[in-house]
Amino acid sequence: MRITSALNLSAASAALVILSAPAHAQDGTSQRGLDTIVVTAQKTEETLQDAAIPINAATGEELRQLGVLDAASLNKVAPALYVTNTGGANMGYFVRGVGNFSNNGFTNPAIAFNIDGVYIGRPSSTIASFLDLDRVEVLKGPQGTLYGRNSTGGAINIIPNKPILGETSGGLSVGYGNYDSVEATGYGNIPISDNVAARFAGTYTNHDGYFEDGTSSAEEIALRGQLYFELNDSINARVSGDYAKSQGTGPGLQIEGYYAFAPFNPGFEVPNRVFVPLGAPDFSGLHVPSTLQFIADNATTAPGFQPVEGFIYPNRNDTYWGVNAEVNFDLGFADLVVIPAYRVSELDNQLNGPPFKAAIVQDEAEQFSFEARLSGDIGKLDWILGGYYFDETVKGVNTFNQFAVGNNNDFDSKTESLAFFARGTFNITDKFRVVGGVRYTDESREFDNIGQSFTIVCLDEPPAGPPSCPDIPSMPAELTLAEQLAAFPAGALAVPPQAILAQAATNPIGVPVVSPLGPFDIISTPGGPVAVPGALFIVTPNDLVGLEDGDEEVTYRVGLEYDLTEDNLVYASFENGFRAGGFNTAFGLESYAPEFIDAYTIGAKNRFFDNTLEINIEGFYWEYEDQQLAALTVDARGNNSFATRNVGESSVKGVEVDFQFAATETTLIRGGVQYLDATYDNFQFNQVDLSDDTDPPNFLTPVTGCDFTQVINPAPPPGTASRSFDIDCSGKEALYSPDWTLSLGVNQTFNLGQYTLTGTFDARYRGERVIGFQYLPTQIEDDVITADASLTLRPNDGVWSVTGYMRNVTNAFVRSIAQVGSGDIAAASVEPPRTYGLRISADF
């Protein structure tokens with residue numbers, strides 16, 4: 001367990017975790033009791049306690065207290081949720097071990113992310129969306145009927161505040177903290193006429209890097225404007241536009257060491273590998289001189305065997321904007337809502353994670369969606385009918401450079417999804433309801449990629465030991481093949497760059513272009529001096545043109561709900577879902593199939609003792625088939641690639657309990673506990689062997705903590721390796737699924753005459769968990785306790801307030817994702833260290 005001595009949290013307090021609490025106690029001057037949150041997670045307004053589904057929610061005020069300013073901080077909202085970022089704009093979401101590391105412009109997320117009722121196709125589009133919020137809703141498990149695409153693991157709903165008719169109001173908040181953190185947020189609500197109102201909001205945040213090398217810095221600006229029209233008693237409309245800009249370095253990397261090759265030692269913890277730790281201080285970063293020197297002195301990358309140096313410095317410059325509308329019609333017999341939306345995200349990133357020389361991404365995603373819902377009631381039946389259309393185009397140019405190997409891609413991805421859904425609630429009695437829903441989805445997709453894989457092969461093989469090419473340059477860190485070739489030192493390539501480009505453009509797929517790579521040794525021969533290259537530079541065309549596929553599925557939900565009393569609800573449900581298949585740029589892994597989930601839930605929502613105690617309990621069991629996992633892998637030619645694969649089956653089961661207790665009129669205690677058993681029942685895949693035919697079997701074995709078996713093909717297809725490994729991770733714990741997650745939160749208000757002072761404290765315990773898809777010892781994260789605290793002073797009229805806050809009070813060093821990349825270097829992304837500051841707010 002990692003915990004500093006600055007705060008001695010006892011195990012008893014640690015055993016009550018999460019900010020899953022969905023409500024605040026009322027002010028100290030008000031009557032004792034719990035507040036109520038209204039949610040729209042089931043496409044209708046209802047209280048959180050009446051929503052018979054697994055859901056956590058937090059109000060905008062709670063989010064501010066917790067410092068949830070972006071998607072990466074959503075871990076604090078629900079115990080089942082983990083958010084990861086591997087660099088740049090890459091966001092990954094996991095709910096109870098279900099999710100994926102999204103690292104390209106065409107990987108589908110497992111968790112549906114919705115902003116203002118609009119599904120966002122690219123997880124990267126979620127940055128800087130937390131502006132002037134009413135609430136956040138986190139739904140757990142498949143949402144196979146009411147929601148848009150690919151929600152097998154759950155859904156996250158971000159709901160902004162909306163314009164209010166007849167009200168002139170506004171607010172401004174400014175703050176300053178350590179790491180030179182600056183934040184400024186403001187909003188204004190303006191009545192334009194009796195039937196028209198406008199609301200504007202903006203925010204600016206900036207902080208220096210959390211790492212010694214300056215990485216994990218961020219500068220973001222976000223703007224939103226809304227107009228609300230009440231056209232008549234039957235029609236109202238709201239139009240919204242938003243813009244966001246994200247800059248800085250993106251997340252930094254903590255380098256932990258490397259896995260040195262130690263052949264013929266199968267008894268090691270990782271067969272034929274020994275881990276050599278760096279021992280760098282926490283939050284030092286990849287780019288400090290001592291770390292770069294350690295890597296250059298120790299790590300090498302096959303098959304180039306050159307020094308591992310020249311890492312690109314990370315940077316991001318991303319722009320997001322969109323427009324959407326919501327039009328509501330009261331038709332008398334039913335209500336109709338129409339939601340059109342258009343969004344664009346433009347990414348310009350360069351990053352190192354998992355430790356690459358350079359990953360450079362320039363993507364533009366454009367999406368249009370349209371949803372229409374008709375709802376009403378007939379006798380005892382409450383019903384919803386709807387349709388949904390989604391059209392997304394992603395165009396991108398990127399490179400993933402691992403010194404001696406890598407790939408370049410110029411891709412064009414298009415997805416169209418059409419769905420129709422229906423849901424009904426039959427009220428058998430005033431207390432007993434039966435719920436049924438069904439959704440039909442028809443999705444088509446197209447994919448084109450002009451790509452090349454590049455490899456540098458060292459030719460200098462001494463009689464003993466591995467090859468060594470200390471003077472051979474590695475692949476320059478540029479975006480396109482043309483730029484990379486132009487950046488090689490003069491005379492390094494025996495074949496002119498233009499000739500390599502021409503051959504790569506005309507050679508058949510898989511037929512390489514080979515150029516000797518120097519510096520060249522001049523040796524004497526009977527025929528005269530001969531220039532002998534130190535290495536070969538190989539470019540292999542990997543175009544994927546005209547790929548088309550699609551999925552057509554029916555998903556459904558059935559549920560039972562029973563009100564034991566007005567304040568006590570029990571429910572049970574079955575729901576299934578699917579996540580569409582897709583394409584990869586990796587040779588031999590060009591496509592993958594859909595994944596499917598069946599989810600069983602039983603739960604109870606309760607309030608006792610005159611609305612002062614709330615206890616919600618949920619039991620769940622999920623079964624996955626053909627589960628998708630997007631992660632770093634090796635393609636059929638031995639090139640490292642990022643690809644999505646169907647890895648098999650998994651089962652997820654457990655229990656979650658949330659509570660909150662208004663102990664007094666001024667004291668609110670909240671907490672929760674989740675027990676989780678998530679296992680990959682069948683997790684198998686094949687990975688190419690990077691050794692050559694002159695090496696003995698089981699020589700260059702994979703760097704993995706899973707079982708593996710050598711496979712030798714005496715007659716491999718042209719262009720593919722003759723050796724591979726069957727890797728079996730079956731029975732392993734699912735990623736991001738600790739057995740126990742617990743929390744405790746306290747709000748305490750003190751009456752000080754004309755002022756009130758409110759203190760908050762929230763602590764969370766997360767058990768040991770797997771945070772890397774290779775299951776290496778360095779990818780097991782210890783159990784940890786983290787805590788946040790704040791103190792707010794405000795007058796009784798609430799016009800202004802001053803808040804002091806501290807996040808990660810214990811300064812715990814918490815790794816969020818661990819990966820092994822170039823040179824078998826082990827690195828981790830890390831959650832923020834202790835941050836603190838002062839915020840002044842005023843409302844008018």
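Predicted model: local features only at pLDDT ≥ 70, side-chain atom pairs only at ≥ 80, totals over all residues.

Author: Two strands pair if DSSP finds at least two bridges between them; strands (E, at least two residues) are DSSP runs, numbered from the N terminus. Residues are numbered from 1 along each chain as its sequence is written, and side-chain values use heavy atoms, with hydrogens and water left out.

Three strands make an open sheet in the order β4-β5-β6, and their pairing is antiparallel. Its edges are β4, residues 81–87, and β6, residues 98–100, each of which pairs on one side only. From one strand to the next the twist averages 20° (axes are lines fitted to C-alpha atoms, and angles run from 0 to 180 degrees between N-to-C directions). Strand β5 covers residues 90–95 and is joined to β6 by three bridges in the antiparallel sense. Within this pairing, Phe94 has Gly99 of β6 as its bridge partner.

Three residues separate β11 from β12 in a hairpin, and Tyr179 in the turn has a positive phi of about 60°. Asp180 is also placed in the loop between β11 and β12. Its phi is positive too, at about 50°, although Asp180 is not a glycine. Asp180 counts as partly exposed because its relative accessibility is 41%, where buried means under 20% relative accessible area, exposed over 50% and partly exposed in between (1.4 Å probe, protein chains only).

β11 has another partner, β44, which spans residues 835–843; they pair in the antiparallel sense over seven bridges. There Ser173 stands opposite Ser841 of β44.

Asp132 sits in the loop between β8 (118–120) and β9 (133–140). Although not a glycine, Asp132 has a positive phi of about 50°. With a relative accessible area of 14%, Asp132 is buried.

One joins Gly353 and Pro354, with omega about -10°; Pro354 belongs to the loop between β19 (335–351) and β20 (358–378). Another runs from Gly518 to Pro519, with omega near 20°, and Pro519 lies within strand β24, residues 513–525.

Definitions and conventions
Helix = DSSP H or I, 4+ residues; strand = E, 2+ residues; numbered from the N terminus.
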